[in-house]
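Dear colleague,

I am handing over the structure shown below, together with an account of what was found in it. Please read the notes alongside the model.

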Amino acid sequence: MSLDKATVSRIARLARIRVPDEDLERLGGELDNILSWVEQLGEVDTSDVPPMTSVVEMRLPKREDTVTDGAYPEKVLGNAPESEAGFFVVPKVVE
Amino acid sequence: MAELTRLTIAEARDRLRGREFSARELAQAHNLAVEKARPLNAIVLETADRALDMAEVSDKRIANGEEGVLEGIPLAVKDLFCTDGVRATAGSRILGNFVPPYESTVTANLWNAGAVMLGKANMDEFAMGSSNETSCFGPVENPWRLPGNGSPIVPGGSSGGSASIVAARAALGATGTDTGGSVRQPASFTGLVGLKPTYGRCSRWGIIAFASSLDQAGPLTRTVRDAAIMLTAMSGYDPKDSTSADVPVPDFEAALGGDIKGLRVGIPDEYRTDELPAEIAALWQQGLRWLEDAGAETRDVRLPHTKYALPAYYIVAPAEASSNLARYDGVRYGLRVKGEDLVDMYERTRAEGFGPEVTRRVMIGTYVLSEGYYDAYYLQAQKVRTLVARDFENAFEHVDVLLTPTAPSEAFAVGDKSDDPIAMYLNDVFTVPASMAGLPAISVPAGLSKSGLPLGLQLIGKAFDEETVLRTADVLESAAGFEAEPEPWWEMTQ
């Protein structure tokens, strides 16, 4: 298999990483090398094997659904590239 | 004062308690050593003033007889750990000048035990790398060099800054994180002890996430005893990490010194690859004889799916990374690059913020999770992961611990493998299987290569049996008697 430019462009879009047109071919080649190498996994018979879902056997802990943290908006916004009046500022998304 | 930086953690602890010197003096000596070690590029943020403040508190606690297990011990912290009020970057431009408003559980545990922070250690970007060449702060140099050759050597990765600063005798220990070998391989490359605990032993809360089902914090130290001391302080159940294990934390130091008569040590046949350099194979044999001389029984074991662990890892880890790194969008923290609209802002921010290796892995991860490819790649990899874990379970029915090489080579030159991702990935061929199975594993310095660089051997244990791993490592360390140290060339360059 090989990744064409349109596929690389689609992955980049899904990953929300801007890839200039002139880099698509090079990046496609790099991804192709890695994918062809991992494809050896296809040799392994896994027909009766369950996928691993938990590394160490454990039951997911539960707790009461109550507020345990928060009420410090200045800390939450402290690292924001842009904030105003207690909100994160983003480009306009609704016309 | 220079002698203070040559102590082990255990020695410094005992002599602080004996009032032979103060925590402040110990911190001052290390602050100076960190400054002298700047040519290594191992520390991305020095916190000398904080170190002195913390040391003064330690001196008071020692005077009052209230000292913790790491009271006054100066440590470096990998820049993947969030440290309250101290910048954390994960080695990435995308975090910019992120200053966490909270402390990771592991570092909080260390400070509660009395440890002193010297600074934040350089690392591969988001812990993705095996040579510490992908950091946005530039590569870290290994304090070790080829005799008679001044060319820079990599310290391994991703915890390369942590390894380099401890090997340079400028910190008594350091935290690292290990996702596929990022503590053990740098330990092997720098002549240190590096321990990856069982998945769940240390809380992941406040550690910037790479691959959540694999990430574990671990110590880099000069001795096995020091690793045991640090692990005791770092470990423990944490309700803030839902995968943190609610199991008792033993005093790991107490596990040392016992004999290993009758201990069953497994030698996995599949690790004897054709590519394994003869000197590493010979060192492995030597390690086996050392353990036999100490009374252990060695047995061959089979781990038939070993060769598939690494390719499965390079599906699972990028898949988890692509999900974890989705949070870097230029909105709430870190870098923002303006765009024409919201999506354009995301795409420009991430293009500028992520380096080439992170971009590759996020894109691989996105692809293997995308519609139509999920079953063939991701699901198959998770099934193979089950088989890798079963191999270990089967082996551990017959043996107590496994002995293998840590890495398939000695440390290599800066630039040697940075253009070939797969050659770089193969560095982790012996460390990744234990990571995939969540098992504890340690690298112990065992000898020097013909060219004069350190080589480590790895011990892998059963889940939550760090005590057997440490006890065996202690025997291995004594038998190997690794005393070599790098020449301090970095002190002459200023």
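Two strands are said to pair here if DSSP finds at least two bridges between them. The model is a predicted one, and the points below are grouped by region.

**The sheet of chain B**

With that definition in hand, strand β5 (residues 193-196) of chain B pairs with strand β10 (residues 441-448) of chain B in the antiparallel sense, over three bridges. Within this pairing, Lys196(B) has Ala441(B) of β10(B) as its bridge partner. Strand β10(B) also pairs in the antiparallel sense with strand β11 (residues 454-461) of chain B, over seven bridges. The hairpin formed by β10(B) and β11(B) has five residues between the strands, and Gly452(B) takes a positive phi near 95° in it.

How many of the eight residues of β10(B) are buried? Six are, so the strand is largely enclosed by the rest of the structure.

These strands belong to an open sheet of eleven strands in chain B, whose order is β1-β3-β2-β4-β6-β5-β10-β11-β9-β7-β8 and whose pairing is mixed. At the edges stand β1 (43-46) and β8 (297-301) of chain B; each has a single partner strand, so one side of each is left without a neighbour in the sheet. From one strand to the next, the twist averages 30°.

Glu46(B) stands opposite Gly119(B) of β3(B). Helix α2 (residues 23-36) of chain B lies across β1, β2 (74-78) and β3 of chain B, and runs at about 20° to β3(B).

**A buried glutamate in chain B**

Glu410(B) is found in the loop between β9 (401-405) and α13 of chain B. Is this residue buried or exposed? A residue is buried if 20 or more other C-beta atoms lie within 10 Å of its own; Glu410(B) has 22 C-beta neighbours inside 10 Å and therefore counts as buried. Leaving out residues up to four places away in sequence, Glu410(B) touches Ser449(B), Ser451(B), Leu453(B) and Leu455(B). Arg385(B) is 25 residues from Glu410(B) in sequence, and the two are 28 Å apart in space, C-alpha to C-alpha.

**Domains of chain B**

The domain assignment divides chain B into domain 1 (2-262 + 402-491), domain 2 (265-305 + 387-395) and domain 3 (306-383). Between the C-alpha centres of domain 2 and domain 3 of chain B there are 35 Å. Their contact takes seven residues from domain 2 of chain B and six residues from domain 3 of chain B. The side of domain 2 that touches domain 3 has, by class, five nonpolar residues, one polar and one charged.

**Helix packing**

In chain B, α9(B) and α11(B) pack at an angle of about 95°, with their axes 7 Å apart. The two helices are therefore roughly perpendicular to each other. On the α9(B) side the residues are Ile315(B), Pro318(B), Ala319(B), Ala321(B) and Ser322(B), which meet Arg361(B), Val362(B), Ile364(B), Gly365(B), Thr366(B), Val368(B) and Leu369(B) in α11(B). By class, this contact has eight nonpolar, three polar and one charged residues.

In chain A, helix α1 (residues 5-14) and helix α2 (residues 21-38) pack at an angle of about 85°, and their axes are 9 Å apart. That angle makes α1(A) roughly perpendicular to α2(A). Lys5(A), Val8(A) and Ser9(A) of α1(A) make the contact with Leu24(A), Glu25(A), Leu27(A), Gly28(A) and Leu31(A) of α2(A). These residues divide into four nonpolar, two polar and two charged.

**The contact between the chains**

The contact takes 52 residues from chain B and 36 residues from chain A. On the chain B side, α9 (306-324), α10 (342-353), α11 (356-369), α12 (375-395) and α13 (421-425) each supply at least two residues. The largest share of that side, ten residues, comes from α12(B). By class, the side of chain B that touches chain A has 29 nonpolar, 14 polar and nine charged residues.

With kind regards

Technical notes:
Residues are numbered from 1 along each chain as its sequence is written. Chains are lettered from A and ligands numbered from 1 in the order in which they are written. This is a predicted model: local features need pLDDT of at least 70, side-chain atom pairs count only at pLDDT 80 or more; totals for chains, interfaces and linings use all residues. Axes are lines fitted to C-alpha atoms, for helices over the stretch in contact, and angles run from 0 to 180 degrees between N-to-C directions. Helices (H or I, at least four residues) and strands (E, at least two) are DSSP runs, numbered from the N terminus. Angles under 35 degrees count as roughly parallel, over 145 as roughly antiparallel, 65 to 115 as roughly perpendicular and the rest as oblique. Two residues are in contact if their C-beta atoms, placed from the backbone, lie within 7 Å. Ala, Val, Leu, Ile, Met, Phe, Trp, Tyr, Cys and Pro count as nonpolar, Asp, Glu, Lys and Arg as charged, and the others, Gly among them, as polar. A residue is buried if 20 or more other C-beta atoms lie within 10 Å of its own, exposed if 12 or fewer, and partly exposed in between; C-beta atoms are placed from the backbone. Domain bounds come from an automatic or database domain assignment.
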